[in-house]
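Let's take a walk through this structure together. We'll look at one helix and its surroundings, then at a pair of helices.

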Amino acid sequence: MTFQELGLKTELLRALNESGYTQPTPIQQQAIPPALKGDDILAGAQTGTGKTAGFTLPLLQRLSTKTLNCGRQQRRPVRALVITPTRELAAQVAESVNTYGKHLSLRSAVIFGGVGINPQISILRRGIDILVATPGRLLDHVEQKNIDLSQVEILVLDEADRMLDMGFIHDIKRILKLLPIKRQNLLFSATFSNEIKTLADGLLNTPTLIEVARRNTAAERVAQTIYRVDQKRKRAILSFLINSKNWRQVLVFTRTKHGANRLAVQLEKDGIKCAAIHGNKSQGARTKALADFKAGSVRVLVATDIAARGLDIDQLPHVVNFELPNVPEDYVHRIGRTGRAGFAGEAISLVCDDETKLLLAIERVLCKRLPQKTLDGFEPLPENRNETRHNVHHPRSNKKLSRGHRTNASNQPARKPNAGPMDKSAKSNRQPVNAKISR
Ligand code: AMP
């Protein structure tokens, strides 16, 4: 099947051709025809499936085919509104709108928090057809009366499950009240919880249902390896892997913002060009880090889970979990950054003894065991294993426990003696296995 056969107009076909896309992905094949007809859509698709073009292309075509008669003095009303959970995703969707719409004369803008509001106000005042926005900043503009949403013809909710996860449901409901009743609605979500179904029921009008990827398919697509290592040597191991395997583009996850900063500094000291992105970085710094990483001038991007949500990096080959996430589902999101749009990807996790429980929780979510290896020259040392254990679990009774555990550790390298069956809380959705660490 070709893009032409999907019914797209010449200007869009030209832009697609220039982007190097020759074949529509499955989500595009299924979403574009009904969206072009004006149907509502409920689509189950993860990032990496090509979903952005799946809604952007029909949206552009519909708006460009039916032009509005607004007088010269009148401001162009917003005709399509795309809401995303994160700033990064908003920026990426806006980039796609620009890329695919470059031969059309539609105006688009992106607004999100963390950057000055005034430049956004002047852009909105000039009038735009397509607005990509995160919920909070959109409502700020609504409150300041910078924007009128009463003429929206097409609404897209992108990554709706993330929006609910991040607590945006009330914002979404407030935004929906500002839209005209008659409009086209496209809802994209990676997962279908009861909350999403309720949202979809209230929003969509006899939608076309599309599901292209089962949940957790990244787990099947991406080659995953666990390296058993000592906590203390993780940084040295990461530098060794990057250099010895000559990785040029690696996304590394840490659990905390401080951890991300510290690791970035250490890798720089090892001579590896590196940048960190997390919630304490300004939007400008995050955008620059991502741009440098995409351009290849930064080799390693160290990120926390929240900061990495929605990151779209074409053909990202390697993801490293420097630390395992507390929430097992975050592991799936992390490794889903690689192996996208049909390219092979590799995810490596550096796991120390203290993380065994987290690993078991992840394996339970994946319903499979992950292959474990040790690196020659970096095998975990029994002494380190003991130290970590008593530090964490028995800080006051060093000597006695240390001796007892040492014997045990050398016999049972892979599992803590006190790591019982997995904490039940890990089974329920998005419950941390350990105490929550601020991300
Ligand atoms: P998305 O799921 O929208 O985040 O897209 C994932 C990646 O696939 C992006 O980097 C897109 O640029 C890329 N992509 C989108 N459509 C196609 C296509 N038809 N062929 C190849 N790559 C595509």
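Predicted model: local features only at pLDDT ≥ 70, side-chain atom pairs only at ≥ 80, totals over all residues.

Residues are numbered from 1 along each chain as its sequence is written, and side-chain values use heavy atoms, with hydrogens and water left out. Helices (H or I, at least four residues) and strands (E, at least two) are DSSP runs, numbered from the N terminus.

Now for α5 itself, residues 118-126: its buried residues are Gln120, Ile121 and Leu124. Buried means under 20% relative accessible area and exposed over 50%, with partly exposed in between (1.4 Å probe, protein chains only). Down the axis of α5, the buried residues fall within an arc of 100°, so they line one face of the helix; that arc is taken from the directions from the helix axis to the C-beta atoms. On the other side of α5 sit the exposed Asn118, Pro119, Arg125 and Arg126. What do the buried residues of α5 pack against? They meet β3 (108-111), β4 (130-133) and α6 (135-143), with contact meaning heavy atoms within 4.5 Å.

Next, look at α2 (residues 26-37) and α3 (residues 51-65), whose axes come within 9 Å and cross at roughly 25°. That makes α2 roughly parallel to α3. Axes here are lines fitted to C-alpha atoms, for helices over the stretch in contact, with angles from 0 to 180 degrees between N-to-C directions; under 35 degrees counts as roughly parallel, over 145 as roughly antiparallel, 65 to 115 as roughly perpendicular and the rest as oblique.
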